[in-house]
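Morning, everyone. I have one structure to go through today, so please look at the screen.

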Amino acid sequence: MDEQPAPGALPATAAGTAPDSPWPLRVLSENLKRYFERAPEAWIEGQLIEFKVIRGNAWMTLRDLDADYSLPVTAWRNVASTLEGTVEQGSRVVACVKPSFYTKTGRLSMIASAMRPVGIGDLLARVEKLRRALGAEGLTAEARKRPLPVLPHLIGLVTGRDSDAMKDVMRNAHLRWPAARFEVREVAVQGANAPREVMAAVAELDAHPEVDVIVIARGGGALEEVILPFSDEALVRAVAQVGTPVVSAIGHEADRPVLDDVADVRASTPTDAAKRIVPDAAAEREAIGGARLRLASGVERLVLTEAQHLAALRSRPVLAQPERMVDERAQDLDRFRERARTSLGGRLDREHDAVGHLRARVRSLSPQKTLDRGYAVVRHGGGTGGPGPVVRDAGRVAVGERLDILVASGRLGAVAEEVHAGGGIGGAEETDRKPTTDEYDQHDATDETDENGETA
């Protein structure tokens with residue numbers, strides 16, 4: 001349970017105060033002074049936005065480099081004398097300060113016990129350190145950088161308010177491509193607020209559905225005004241995350257900001273950026289004209305070549321005189337037909353001759369031919385009973401026996417008056433074969449007809 005102060009006594013702590021037992025204002029001010037005086041010294045960094053020397057003491061206002069925070073800083077005569085010629089309004093400094101509370105006015109101030117400007121070398125070293133860190137993360141790799149569109153429909157431009165950089169980009173882009181369209185965001189391009197404003201403009205343009213490329217442009221200037229705002233880590237990481245290709249056009253010849261390494265394309269100046277984001281209409285027209293000439297020449301050569309091929313084909317005999325092929329084939333057909341006819345005729349003649357020879361040979365062996373040569377067939381009998389068997393042996397014929405004699409043409413009836421048995425024709429032992437009874441009967445029954453139609 002809190003102790004109640006004695007009547008007329010002040011509360012020992014702020015928690016003991018109440019409406020009926022308040023602190024006098026001087027007590028709060030003195031307590032605050034004792035509280036702030038217990039705070040240790042600290043080194044801080046910022047930009048001097050105000051610097052005045054009055055009676056040897058320096059009265060300054062130091063602002064944060066990234067956020068909109070500021071504090072008053074005082075340097076007494078012994079410290080302020082060391083700052084002459086080293087710092088001025090706008091300088092970036094580091095200072096060792098300790099809080100001081102002025103009880104009579106309730107003003108809090110920072111008392112500087114030491115201060116020195118941040119050198120260009122220190123700033124560049126910090127920039128290079130950030131550049132190496134982002135490179136190790138792969139944010140500066142060429143593989144992740146996107147190509148620019150050949151002809152953007154809408155160009156997003158982030159630049160200073162009514163700046164020469166904006167005019168350079170738009171003027172040169174329109175000179176190259178008169179139909180170029182811009183969506184401009186004018187922001188602070190130097191100072192503590194520059195990174196935040198540039199980030200907000202880039203995010204807004206990246207969300208625009210028609211913007212095909214974003215250009216961040218700034219003209220030349222002092223190193224700390226150009227390099228440092230566009231080497232802000234938050235800004236660089238935000239640019240690396242956007243989905244629209246980004247062109248960095250920060251014009252500074254001495255060095256380049258980290259934004260150049262993360263952007264998809266680095267342009268040395270705003271004018272160079274205009275040349276990179278749009279094609280040259282005159283050059284494109286010239287290229288189209290050259291392409292049309294080459295195309296026409298190629299078509300003409302092709303037509304000429306094909307015409308020559310067609311003429312060569314038409315000059316060939318088969319196309320120049322197409323009936324010649326038919327005529328030649330007709331002649332071949334006539335020749336083949338005549339050859340076939342001749343061959344068939346010769347074959348028929350040969351076969352006809354062979355048949356004739358065979359017929360002659362067959363006829364030479366017939367009984368009729370034998371009779372035609374003067375032979376006769378003598379048979380027993382010859383009476384009414386008809387002829388009997390052929391007489392082959394004279395010894396078998398009796399004297400007075402009737403005989404039937406077949407000659408080449410007709411028959412004769414005869415009677416044997418004498419019989420002389422023994423040898424054959426001319427007294428020879430051999431006898432010619434005479435027609436048999438069967439052959440005789442066959443001849444007697446059917447007459448032969450030779451090839452001339454005569455009856456044998």
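I will take a pocket, then a surface patch, then some salt bridges.

First, the ground rules. This is a predicted model, in which local features need pLDDT of at least 70, side-chain atom pairs count only at pLDDT 80 or more, and totals for chains, interfaces and linings use all residues. Residues are numbered from 1 along each chain as its sequence is written, and side-chain values use heavy atoms, with hydrogens and water left out.

Start with the second largest pocket, which has a volume of about 580 Å³. A pocket here is an open set of points on a 1 Å grid over the protein atoms alone, where a 1.4 Å probe fits, with protein on both sides within 12 Å along at least five of seven lines; lining residues have an atom within 4 Å of a point. The volume is the space filled by probe spheres set on the points, which are joined across faces, edges and corners.

Helix α3 gives the largest share, four residues. Helices are DSSP runs of H or I, at least four residues, and strands are runs of E, at least two, numbered from the N terminus. By type, the lining has eight nonpolar, six polar and eight charged residues. Nonpolar covers Ala, Val, Leu, Ile, Met, Phe, Trp, Tyr, Cys and Pro; charged covers Asp, Glu, Lys and Arg; the others, Gly among them, are polar.

Next, the surface. Leu310, Leu313, Val318, Leu319 and Met325 make a nonpolar patch of about 450 Å². Helices α10 (281-315) and α11 (317-320) each give two or more residues to that patch. A nonpolar patch joins side chains of Val, Leu, Ile, Met, Phe, Trp or Tyr within 5 Å, from residues with over 30% relative accessible area and no salt bridge. Areas come from the Shrake-Rupley method with a 1.4 Å probe. Val318 sits in helix α11 and is partly exposed at 43%. The classes are buried, under 20% relative accessible area; exposed, over 50%; and partly exposed, in between.

Now the salt bridges, defined as a side-chain nitrogen of Lys or Arg within 4 Å of a carboxyl oxygen of Asp or Glu. The count comes to 25.

Glu204 and Arg185 meet in one of them, at 3.1 Å from N to O. That pair links distant parts of the chain, 19 residues apart, with Glu204 in helix α5 (residues 194-207) and Arg185 in strand β7 (residues 182-186).

Asp404 pairs with Arg411, with the closest N and O atoms 3.6 Å apart. Here Asp404 is buried at 9%, and Arg411 is partly exposed at 40%.

Lys167 and Asp162 form another bridge, their closest N and O atoms being 3.8 Å apart. Lys167 is partly exposed at 40%, whereas Asp162 is exposed at 53%.

Lastly, Glu128, Arg131, Arg256 and Asp261 are linked in a salt-bridge network.

Note on methods
Patches are made of residues with over 30% relative accessible area and no salt bridge: like charges are joined within 9 Å, nonpolar side chains (Val, Leu, Ile, Met, Phe, Trp, Tyr) within 5 Å. Buried means under 20% relative accessible area, exposed over 50%, partly exposed in between (1.4 Å probe, protein chains only).
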